[in-house]
Amino acid sequence: MEQASRLYVASQTAAAIAHELNQPLTAISYYADVTLDMLKTGNPDPQKISSIMEKCSQQALRAGEVIRQLMAVLHKGETVSEAIDINTAIHEASDYVKADGHLGDFKIKLKLAAGLPPVTANGLQIQKVLINLLHNGLESMQESEINTGTITVTTHRSIGDSPMAQVTVCDSGTGVADATTLKSIFQPFYTTKPTGLGMGLAISRALIEAHGGKMWAEQNADRGVSIHFTLPLEI
């Protein structure tokens with residue numbers, strides 16, 4: 001399953017990465033050509049050159065971040081699966097987000113079902129998924145310009161043909177504009193954030209599906225979005 005996880009994530013994002021890298025590389029080439037032309041004039045403007053090279057550096061950093069995000073998921077050292085307590089993983093992810101200093105006046109509320117059997121999964125990868133969902137919910141509430149809000153994380157045993165643990169991360173942010181946008185949020189590099197890469201949810205869903213689960217989103221009745229995912233229970 002570990003090898004399948006890496007290959008699945010790679011197949012889901014390779015084409016999008018090629019497209020995304022083409023944009024900063026084209027920009028870097030353009031900025032370099034402009035700088036060379038300015039230097040050839042014999043009397044270049046240092047401020048203009050500095051501004052252009054700063055833009056060039058920003059594009060290079062963006063390209064590097066695309067690669068780093070994918071490699072963090074595909075790293076061989078993080079591919080060992082084991083029986084994990086999903087509730088414990090949620091507690092650890094919640095503690096991490098609380099400790100990183102970005103929570104402010106917002107709160108994380110946990111409603112975790114007692115007695116859930118363990119799931120077989122890569123603990124670090126599942127924790128990355130949880131942290132990403134918590135950060136997304138927090139950013140959505142911050143963008144909605146509300147002073148306080150709560151991210152609620154729940155777990156329960158889902159009813160179906162196969163025994164599954166279901167996790168729901170519910171925020172009280174701005175939500176999404178329509179059903180089309182709701183379906184698009186899992187596409188690689190889709191983002192509404194001015195500085196976002198749009199990799200988080202795409203990789204998160206690919207990881208969950210590689211573990212035999214599913215991930216989907218629903219607009220809340222009042223405000224915000226709920227992200228659900230399932231993982232097979234070890235029974």
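1. Let's begin with how α4 and α6 pass each other: α4 crosses α6 in a left-handed way. A crossing is called left-handed if the near helix is turned anticlockwise from the far one by less than a right angle, and right-handed if clockwise. The axes of α4 and α6 come within 10 Å and cross at roughly 145°. Axes here are lines fitted to C-alpha atoms, for helices over the stretch in contact, and angles run from 0 to 180 degrees between N-to-C directions. Helices (H or I, at least four residues) and strands (E, at least two) are DSSP runs, numbered from the N terminus.

2. A word on what you are looking at: this is a predicted model, in which local features need pLDDT of at least 70 and side-chain atom pairs count only at pLDDT 80 or more, while totals for chains, interfaces and linings use all residues. Residues are numbered from 1 along each chain as its sequence is written, and side-chain values use heavy atoms, with hydrogens and water left out.

3. Which residues of α4 and α6 meet? From α4 come Q125, I126, V129, N132, L133 and N136, and from α6 come G200, L201, S204, L207 and I208. This contact of α4 with α6 divides into six nonpolar, five polar and no charged residues. Contact means heavy atoms within 4.5 Å. As for the classes, Ala, Val, Leu, Ile, Met, Phe, Trp, Tyr, Cys and Pro count as nonpolar, Asp, Glu, Lys and Arg as charged, and the others, Gly among them, as polar.

4. Now stay with α6, which covers residues 200-210. Eight of its eleven residues are buried, namely L201, A202, I203, S204, A206, L207, I208 and A210. Buried means under 20% relative accessible area, exposed means over 50%, and partly exposed lies in between (1.4 Å probe, protein chains only). Just after α6, have a look at G212, which takes a positive phi of about 90°.

5. L201 counts as buried because its relative accessibility is 14%. Leaving aside neighbours within four places in sequence, L201 touches N132, L133, N136, I185 and F186. The C-alpha atoms of L201 and F186 are 5.3 Å apart, although the two residues are 15 apart in sequence.

6. On the α4 side, is Q125 buried or exposed? Q125 lies in helix α4 and has a relative accessibility of 3%, so it counts as buried. Its C-alpha atom is separated by 9.5 Å from that of S81, which is 44 residues away along the chain. S81 turns up again beside T120: these two are 39 residues apart in sequence and 6.3 Å apart from C-alpha to C-alpha. T120 is found in strand β3 (residues 119-121) and is partly exposed, with a relative accessible area of 31%.

7. Helix α4 (residues 123-143) also meets helix α3 (residues 86-99), with axes that come within 9 Å and cross at roughly 50°. That angle makes α3 oblique to α4; angles under 35 degrees count as roughly parallel, over 145 as roughly antiparallel, 65 to 115 as roughly perpendicular and the rest as oblique. The crossing of α3 and α4 is right-handed. In α3, the residues involved are I86, A89, I90, E92, A93, S94, Y96 and V97, and they meet I126, Q127, L130, I131, L134 and H135 in α4. By class, the contact of α3 with α4 has ten nonpolar, three polar and one charged residues.

8. Q166 is buried, with a relative accessible area of 13%. Apart from neighbours within four places in sequence, Q166 is in contact with T154, T155, H156, S158, W216, H228, F229 and T230.

9. Finally, the whole chain. It has six helices and seven strands, in the order α-α-β-α-β-β-α-β-β-α-α-β-β from the N terminus on. Of its 235 residues, 43% count as buried. Among contacts in the chain with a separation of 6 or more, 71% join residues 24 or more positions apart.
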